[in-house]
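Hi there,

Here is the structure I promised to send over. My notes on what turned up in it follow just below.

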Amino acid sequence: MSQDLKKLSQRKLNFFQTLKAISWAMFGVRKGKGYEEDIAKLNPVHLIVAGLLFGVIFVVSLVLIVKIAIASLS
């Protein structure tokens with residue numbers, strides 16, 4: 001199991017390429033061929049870090065939007 005994870009973590013795409021692939025996927029504009037290429041090259045460790053990063057950014061942006069909306073009502 002650890003050998004498989006070690007092999008997967010040696011994949012070719014760097015962290016910024018992973019962020020780009022995830023951004024395209026979030027907007028839903030990634031084509032099937034590009035998606036399959038990314039899946040074959042993405043580093044799972046980068047995916048986990050990017051997922052946590054996007055999750056934090058999403059929650060913080062929602063909190064800021066709510067704060068601005070509440071401030072404009074009062």
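A word on terms before the notes: helices (H or I, at least four residues) and strands (E, at least two) are DSSP runs, numbered from the N terminus. Please keep in mind that this is a predicted model, where local features need pLDDT of at least 70, side-chain atom pairs count only at pLDDT 80 or more, and totals for chains, interfaces and linings use all residues. Residues are numbered from 1 along each chain as its sequence is written, and side-chain values use heavy atoms, with hydrogens and water left out.

**The chain as a whole**

The protein chain has four helices and zero strands, in the order α-α-α-α. Of its 74 residues, 14% are buried; buried means under 20% relative accessible area, exposed over 50%, and partly exposed in between (1.4 Å probe, protein chains only). Taking contacts with a separation of 6 or more, 89% are between residues 24 or more positions apart, a contact being heavy atoms within 4.5 Å. The accessible surface is about 6,200 Å², and carbon and sulfur atoms hold 70% of that. These areas come from the Shrake-Rupley method with a 1.4 Å probe; for residues, only the protein chains shown count as cover.

**Helix α2**

Helix α2 covers residues 15–27, and its 13 residues should span 18 Å at 1.5 Å a residue; the end C-alpha atoms lie 19 Å apart, which agrees. That expected span is 1.5 Å times one less than the number of residues. Which residues of α2 are buried? They are T18, L19, A21 and I22.

F16 has a relative accessible area of 65%, and its C-alpha atom is 9.0 Å from that of H46, 30 residues away along the chain. Just after α2, G28 has a positive phi of about 75°.

**A surface patch**

V59 sits in helix α4 (residues 44–73) and is partly exposed, at 48% relative accessibility. Together with F58, L62, V63 and I65, V59 forms a nonpolar patch on the surface, with about 470 Å² of accessible area in total.

Happy to talk any of this through.

Best wishes

Methods
Patch = residues over 30% accessible without salt bridge, like charges linked within 9 Å, V, L, I, M, F, W, Y side chains within 5 Å. Salt bridge = Lys/Arg side-chain N within 4 Å of Asp/Glu carboxyl O.
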